[in-house]
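Colleague: I would like to learn how to read a strand sheet and a chain interface. Could you take me through them?

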Amino acid sequence: MEILEFASPRTLDEALHLVRDRHGTAIGGAAWLRMNTKTMPLGVDLSELGLDYIREANGSIEIGAMTTYRELETSPLLEARFGALFRNTVSHIVGIQLRNIITVGGTLAGRYGFSDLNTTLCALGAKVVFYPGKIADVASFIQDGEEWPFLIEKVLLPVSARASYQQMRITANDFPIINAAAAWTGSSWRIAVGSRPAASRLCKKAMVLLGNEPYPSDEKIGQAAVAAAEELQFGSDIRASAEYRREILPALMRRALMEVRG
Amino acid sequence: MIITLYINGKKESVECQPGEMLTEVLRRAGYVEVKKGCDTGNCGVCTVLLEGKPVLSCSYLAIRADGKQITTIQGAAKEAEEFAHFLTAEGADQCGFCAPGFALTVLAMKKELPNPSEGEIRHYLAGNLCRCSGYEGQIRAIKKYLEAEHA
């Protein structure tokens, strides 16, 4: 990737101006930049904006866009509120050295199909905050995108949830061939599937099937797991066929649901 | 553009392009102990410590390191040499190409985790690939090194 001009704004207003009015490209963790052969006329660095935080505020857990995966993995606050969820979600990704670089905002903005984190965020009912204040469901944003240009400021999570993340990889450092996350929000179930290999999606029919019963039976969980595989579209790529992904998903989903139910 | 890096405690003014990754800039400045491996963010060979944290220099924008402290294996030579005695004693080093990044990650782990279990060691080192050793000797060496440090 060639970057012709590089700007390091010190305020979100300045960053938004560069992105919106000068057609700059916001740069998150930047770990994938070297794989890109395009030329970026103006790169807008977000690392000096104080967007590196995990905190509780205004009835939510707030995660700044420049928070790294390693910070998610080691956050005492996330561990206290979600157990091992975030550790399980990101700790399979390459190594600590890469997880010290890649960011929540970069992952969200890319709406990557292979993402582990986006599946968990969808299941938790996370919101994405676009500066200066527009809020959207992460699941909707991943599915439909957002009118360009935009600047992701932070992600909002519920203050706590019982949730589980499951994935299958061919080798430890590879992308997942399929992943699944389930969460009991306190009033309903949310379940999501990613790396189909397309981007994460909610399994809305399966969520309806589970209803608002916090402790569904094994039979109901089995039905929901199968329903999730039936309602989604899967694709084939170098890692797995669509049929294989469809076959594997119910097992992962059952594990996730049973882990959350207890 | 010119950026200022504090490499192994020494202030260096180096030229870099906005899209360049840190590996290239460090090697051009003469720090060739920073090895270039897969160059796709997978192998861990290019690991350096940035403000004390291990990062893949092949995946870190050099311009973002402006004003920051960087440690290469030469900057941690004394500790690395102590660890190397345990590696050789366990027959855990062969071609040596992965050793700089591997040793820096071990030293970072020693600072971050006070008394890691074998599982935690394996997890922490998962991003450092080695084509030669099969890892078991490395794990033995790390455990003995940490035991000796705590003795």
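Modeller: Start with the open sheet of 4 strands in chain A, which has the order 9-10-11-12 with antiparallel pairing. Its edge strands, strand 9 (162-169) and strand 12 (201-202) of chain A, each pair on one side only. This is a predicted model, in which local features need pLDDT of at least 70, side-chain atom pairs count only at pLDDT 80 or more, and totals for chains, interfaces and linings use all residues. Residues are numbered from 1 along each chain as its sequence is written, chains are lettered from A and ligands numbered from 1 in the order written, and side-chain values use heavy atoms, without hydrogens and water.

Colleague: What holds for strands that pair in a sheet?

Modeller: Strands of a sheet pair through backbone hydrogen bonds, either parallel or antiparallel. Here a pair needs at least two DSSP bridges, and strands are DSSP runs of E of at least two residues, helices runs of H or I of at least four, numbered from the N terminus. Strand 9 and strand 10 (residues 176-184) of chain A pair in the antiparallel sense over 8 bridges. In that region, A:Tyr165 stands opposite A:Ala181 of strand 10.

Colleague: How many salt bridges does the rule find across the interface of chain B and chain A?

Modeller: A salt bridge is a side-chain nitrogen of Lys or Arg within 4 Å of a carboxyl oxygen of Asp or Glu. The rule finds 2 across this interface. A:Asp45 and B:Arg64 meet in a salt bridge, at 2.7 Å from N to O.

Colleague: How many residues are in contact?

Modeller: With contact meaning heavy atoms within 4.5 Å, 27 residues of chain B touch 29 of chain A.
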